[in-house]
Amino acid sequence: MQVQRPSMLADRPGAATHAARMAVPGLTDGWPTRRPSLAYQWALDQAARAAWEHGGSRVVVADHPLLGQEAMRRLGGVWFGQASLAPEDARDIAALTVVTRGLSGPTDPRAAFDTALWIEPTAAQWPTTLASLSERLAERGQLLVICTTPLLGRNLPERAAPGAAPVTELLSGRAVANRLLARGWTLDAPLGFRGVRALGLSVLERAATVIRRPALADRLGVSARAAFVERGWLAHLGSVVLLRAHPPQAWSAQPGAAP
Amino acid sequence: MTPDRPDVGHDRPAIGHGQPDVGHDRPALGHDRPALGLAVARLDAWLETMRGPSGYTGPVAHWWQNCLLYTGPGLDWRYEGIIHGYLTLASVTGEARWLAKAKRAGDDIRGGQLPSGHFESSCFELNPYTGGTPHEAACDIALLALATTLRERGDDSWRAYQMAAERNVRVAQLGRLWNGESGMLQDDPSTPTFVPNKAATLSEAILALARVSSDGVELIERYALPILDHIRAHQIEDGPQRGGIWQNTYGSQRVEKLFPFYVARCVPALVEGYRASSDERYLTSALEAMEFVLRYRDADGGFAQVVYADGSTNVYPRWIAGVADILRAIETLRPHGYEADLEPTLSWLLAAQSPSGAFPTAEGFSAQTATGRPTVAPTLRDVLPVVGWNDKAFRFLTTLLPPGVQLPGVRSEAYETACVVERGTGVWAETPRHLELRVANDVVYRWEKGSAWATIAAPDLAWK
């Protein structure tokens with residue numbers, strides 16, 4: 001993959017994002033105008049914020065075309081570049097590459113990355129992709145995983161999109177969390193999106209609309225939006241779940257850290 | 001062309017685009033000119049703090065959705081008020097520095113134009129997505145005003161701004177959203193939705209483009225006026241909500257909500273349609289729309305948020321910075337003999353300016369989900385200073401300045417204020433470098449100005 005050098009990127013306004021856009025497979029006309037559904041929007045925004053907070057280089061692992069592009073818009077298509085404007089080309093490649101189906105692609109084996117965003121891991125891909133990511137994630141790096149919950153997530157429009165894996169092949173947030181914990185990773189509290197509270201309030205909003213109580217319907221709609229993100233045990237009941245995990249060696253390197 | 005419509009007149013005097021926003025005779029305001037000059041200077045100082053390398057940045061609060069995590073540049077309707085405001089300042093002060101700022105803002109938009117003709121991150125509260133309505137059309141209006149001003153001043157750079165706007169209007173807007181079969185605009189290419197206020201903004205952009213295009217008559221007759229006719233078809237003809245314009249339709253299904261702010265956003269386009277066509281029905285529609293809006297002005301000058309078909313309302317949140325667009329709508333009608341008192345609303349707006357120079361977004365977001373009055377202290381979304389709302393205050397306030405005015409040199413000042421969130425009452429703080437909300441000893445929201453993402457955003461605050 002051809003990646004422009006930083007000196008070229010900095011020449012004009014929006015150049016960094018332009019370069020990132022050109023590196024995203026399937027995008028020749030600019031970013032898509034269609035948007036993913038709100039649960040994915042929310043998860044992607046939270047993931048991007050976590051990646052930016054962490055700093056360093058980033059890699060996106062995604063099969064779903066729209067979700068992969070949207071991840072790149074946030075993580076690679078940056079206006080204030082970190083990784084895309086980093087001095088080493090290898091970092092550029094790591095930061096600008098959408099990796100599909102098992103980390104294929106001509107990336108520099110020396111390049112470690114600080115954040116990996118993995119969207120919708122499947123059971124079949126899990127062992128090899130996790131092994132590859134574990135090898136290349138920096139010692140204090142972070143793994144962000146966006147999972148679609150089979151039950152509530154199956155009616156999201158993205159599930160019917162071309163390139164989308166069948167929902168039966170996807171690992172749920174709970175399954176991913178258990179697998180990571182079993183391998184010694186540590187996890188932050190998960191976030192769930194579009195959970196049972198939000199769905200219930202949305203149903204009530206529609207009912208209020210049907211019985212012609214528009215003011216009440218609007219209030220219920222806003223309440224549903226306010227309840228859209230779930231924490232604690234309700235998080236895993238969200239249609240989409242975001243996990244943030246840290247590799248085992250990051251903890252073992254810290255004095256006094258739990259094993 | 002509609003048979004009963006007068007001929008489109010291209011020999012009419014050009015009013016509006018490319019000219020300073022106002023200059024109409026206006027009754028004396030209750031605010032002295034130095035105070036208005038100071039308010040504008042402080043707002044300009046604050047806008048400078050919100051710039052990143054590629055444009056104006058910052059979080060967004062809105063009625064439907066918020067954008068508190070992505071905080072990078074937004075090439076959305078914020079540029080409409082910013083560019084017009086700086087063009088007006090250049091005109092009334094005669095100082096080149098304001099025109100330079102208008103050009104810098106135009107360069108932001110050009111720098112973010114995609115091969116598709118769309119602009120990057122043009123969806124305001126939905127950012128960082130592209131293809132935002134009415135936001136790209138609002139950018140086009142601003143670019144065309146900038147191009148016209150530069151052309152009049154003999155600055156050859158006008159072509160680049162006009163080309164950017166023309167490409168967006170023709171390719172990204174009409175090319176994507178015009179339904180050739182129905183002969184009407186859609187808000188989304190995949191569904192037959194029509195949103196009058198958004199369509200009005202595009203109609204304004206088309207009318208502005210028509211003034212400088214060889215096919216201007218076709219642009220007006222084929223697109224701009226039919227759009228305005230469709231907006232008029234959404235207007236209530238009689239009854240207690242007379243003059244109101246329904247918020248939108250899905251096919252034949254009408255969404256029976258009336259937002260005074262968005263009804264006011266239709267007024268300038270209807271007036272422009274009248275100027276372009278001499279068809280008095282557009283002016284009548286604009287006047288009736290304005291009358292509707294003013295019926296929902298409270299005694300203190302604020303406006304109700306939404307009115308329903310049965311006459312019930314959700315009063316809150318009441319826009320503060322954005323209310324200036326309602327004042328602007330009133331002013332567009334003044335040359336046509338319309339009189340309305342700006343004063344209660346103008347005073348209400350000016351009283352809200354914070355030490356940073358920005359105006360808060362709204363009052364009463366806490367009452368959005370409940371009946372009754374809002375909490376005593378504001379919420380995060382109330383106090384949040386948003387460029388895409390403050391541009392409206394900036395644009396309008398600059399039009400109140402007299403020719404020859406010199407703005408004082410001021411800085412954006414830091415301040416703190418109480419702020420209510422779900423977990424309790426905290427402290428909202430703004431400095432020239434950051435926005436921050438603390439509750440007890442926890443920082444629950446923090447954004448370093450200019451950066452693309454919030455540094456800290458507790459999940460319970462991260463409303464989209």
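Student: At what angle do helix α7 (residues 216-233) and helix α9 (residues 280-295) of chain B pack, and how far apart are their axes?

Tutor: The angle is about 45 degrees, and the axes are 11 Å apart. Bear in mind that this is a predicted model, where local features need pLDDT of at least 70 and side-chain atom pairs count only at pLDDT 80 or more. Residues are numbered from 1 along each chain as its sequence is written, and chains are lettered from A in the order in which they are written.

Student: Why are α7(B) and α9(B) called oblique to each other?

Tutor: Angles under 35 degrees count as roughly parallel, over 145 as roughly antiparallel, 65 to 115 as roughly perpendicular, and the rest as oblique. The angle here is about 45 degrees, so α7(B) and α9(B) are oblique.

Student: What makes the contact between them?

Tutor: Contact means heavy atoms within 4.5 Å. On α7(B), the residues are B:L225, B:L228, B:D229 and B:R232, and α9(B) brings B:R281, B:Y282 and B:S285.

Student: What about helix α3 (residues 96-111) and helix α4 (residues 135-152) of chain B: at what angle do their axes cross?

Tutor: Roughly 135 degrees, and the axes come within 10 Å. That makes α3(B) oblique to α4(B) too.

Student: Which residue of chain A forms a salt bridge with B:E256, and what makes the pair count?

Tutor: The partner is A:R212, with the closest N and O atoms 3.0 Å apart. The rule asks for a side-chain nitrogen of Lys or Arg within 4 Å of a carboxyl oxygen of Asp or Glu, so this pair counts. Across the interface of chain A and chain B, the rule finds 2 salt bridges.

Note on methods: Heavy atoms only, no water. Axes fitted to C-alpha atoms, helices over the stretch in contact; angles between N-to-C directions. Helix = DSSP H or I, 4+ residues; strand = E, 2+ residues; numbered from the N terminus.
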